[in-house]
Amino acid sequence: MLSSKASSNCHGQDSLYFLGWQVYEKNPFHEVENPTGIIQMGLAENQLSFDLVESWLRKNPDVMGLKNKDGESVFRDLALFQDYHGMPAFKNELVEYMAKIRGNKVKFDPNNLVLAAGATSANETLIFCLADPGDAILLPTPSYAGFDRDLKWRTGVEIVPIHCSSSNGFRISMFALEEAYERAQKLNLKVKGVLITNPSNPLGTTMTKDELQSLITFAIDKDIHLISDEVFSGTVFDSPCFISIMEAAMDSNLKRNTDVLSRIHIVYSLSKDLGLPGFRVGMIYSNNQTVVSAATKMSSFGLVSSQTQYLLSYMLANKKFTSNYMKRNQKRLKKRKEMLVSGLKKSGINCLKSNAGLFCWVDMRHLLCSNTFEAETDLWKKILCEVGLNISPGSSFHCSQPGWFRVCFANMNQSTLQVALRRIKDFVERSSFNYQQNMGSLSRKLISNWVRKLSSADREEQER
């Protein structure tokens, strides 16, 4: 017999989000070796500026060789380093980098930072610190598909959706917040916090200062916590600029509440902004010392390797590199996003207006045969298996309206994106042609039936 955890299917692996990856992996696209394969557009990975990181590494071979500034090996020190508090040099550079991304409008104390093996580990650790099994976390939808795994699989916490609608661009309204809170209470769930992604995954939008302050006020009124997942904060490439939850909390009116900062927690990583998901560098930032202490103890289950911390401490200490990277990365993301948006528009497909992220939230409602999630799944299957594009359906992000899809653009080169856009254009044109043919056939059939009925009526009239 296995444990209930091992034998249950609540991991979320049966989501179409993950199933699309499985289909892709059996037939991956390659420009030369497999040009008819499936193009991966379901992976929010930033490869557009990887050459900048590689260039820095080539110019700093001693760091790669685990040598210090004097050319002496530090291998022994790194191999024996086991302090789960993290390397002070790395944590110091990390908080400076976080502040830089936020325009230095807020400062971060390295003593309030807890390292984790990626944002997945950081989110789960934070939930373990804030909630007990059976408690609830409010989560705006559409929401990241992996949260079913990250937030509830091992913690036993329930996720209560805050339903957002396309009618206001999927913004979080106070009505939706209150409705979700009341729904949780009716289910006898104790709400322990609200978790947001800012910038949003999958929307690619940022929250305004007023929206953030409304959330903080809501958390204070309900005596709950507020978690801001800001892993895409360095991908903001257009106005409005990014505002961190910490910046919003600095408002004088909110600061009058002495424990407001103890309720606010940030999750961050270097997976998206620096394009280093394989390094597994995530972190929790909190002014709540009880949370910091507990999370630090839990971090021993998912540490960041000492050689990774050593390498990145040198990289982030190079301010010229980080400034250049941030500037060029944002320009490249904006250009690539505009390429996707304009290409889809030529096919009659629109996107939600966005200013951040590695993806677009794409409106394909007009391509559904009916306004149902079954029709959305059918369309997703066609695009995956017939068109050869792995895009992620809105249902896997718990979107309340069928027909929306997340389409990633930063995990491929420009020529591959052009192939994808040609494929979707051909598909839309074929769908339109088939629709017109079917409508023409239906019209002819209706006219024919109408003529037969008229003829029959004429004969009956004559017989009378």
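**A walk through the predicted model**

Let us begin with two helices: the axes of helix α6 (residues 88-101) and helix α15 (residues 319-346) come within 12 Å and cross at roughly 35°. Here, axes are lines fitted to C-alpha atoms, for helices over the stretch in contact, and angles run from 0 to 180 degrees between N-to-C directions. Helices (H or I, at least four residues) and strands (E, at least two) are DSSP runs, numbered from the N terminus. Please keep in mind that this is a predicted model, in which local features need pLDDT of at least 70 and side-chain atom pairs count only at pLDDT 80 or more, while totals for chains, interfaces and linings use all residues. Residues are numbered from 1 along each chain as its sequence is written, and side-chain values use heavy atoms, with hydrogens and water left out.

Which residues bring α6 and α15 together? On the α6 side they are Glu93, Glu96, Tyr97, Lys100 and Ile101, and they meet Lys319, Thr322, Ser323 and Met326 of α15; contact means heavy atoms within 4.5 Å. Sorted by class, the residues of this contact are three nonpolar, two polar and four charged. For this sorting, Ala, Val, Leu, Ile, Met, Phe, Trp, Tyr, Cys and Pro count as nonpolar, Asp, Glu, Lys and Arg as charged, and the others, Gly among them, as polar.

Helix α15 also meets helix α3 (residues 50-59): their axes come within 10 Å and cross at roughly 160°. Asp51, Leu52, Val53 and Trp56 of α3 make the contact with Phe321, Tyr325, Arg328 and Arg332 of α15. This contact of α3 with α15 has five nonpolar, no polar and three charged residues.

Now for the strands. Strands of a sheet pair through backbone hydrogen bonds, either parallel or antiparallel. In this model, seven strands form an open sheet with mixed pairing, in the order β2-β8-β7-β6-β5-β3-β4; two strands pair if DSSP finds at least two bridges between them. At the edges stand β2 (113-116) and β4 (158-163), each with a single partner strand, so one side of each is left without a neighbour in the sheet. On average, neighbouring strands of this sheet are turned by 25° against each other, direction ignored. Inside the sheet, strand β6 (residues 225-229) and strand β7 (residues 264-269) run parallel and are joined by four bridges. Ser228 has Ile266 in β7 as its bridge partner. Helix α7 (residues 118-130) lies across β2, β3 (136-141), β5 (191-197), β6, β7 and β8 (282-286), running at about 160° to β7.

Is strand β10 (residues 359-363) mostly buried or exposed? Five of its five residues are buried, so β10 is largely enclosed by the rest of the structure. Buried means under 20% relative accessible area, exposed over 50%, and partly exposed in between (1.4 Å probe, protein chains only). Phe359, Trp361 and Asp363 lie on one side of β10, with Cys360 and Val362 on the other. Strand β9 (residues 350-351) pairs with β10 in the antiparallel sense over two bridges, and β10 pairs antiparallel with strand β13 (residues 404-408) over five bridges. Asp363 of β10 stands opposite Asn350 and also opposite Trp404 in β13.

Our last stop is Ser395, in the loop between β12 (392-393) and β13. With 25% relative accessibility, Ser395 counts as partly exposed.
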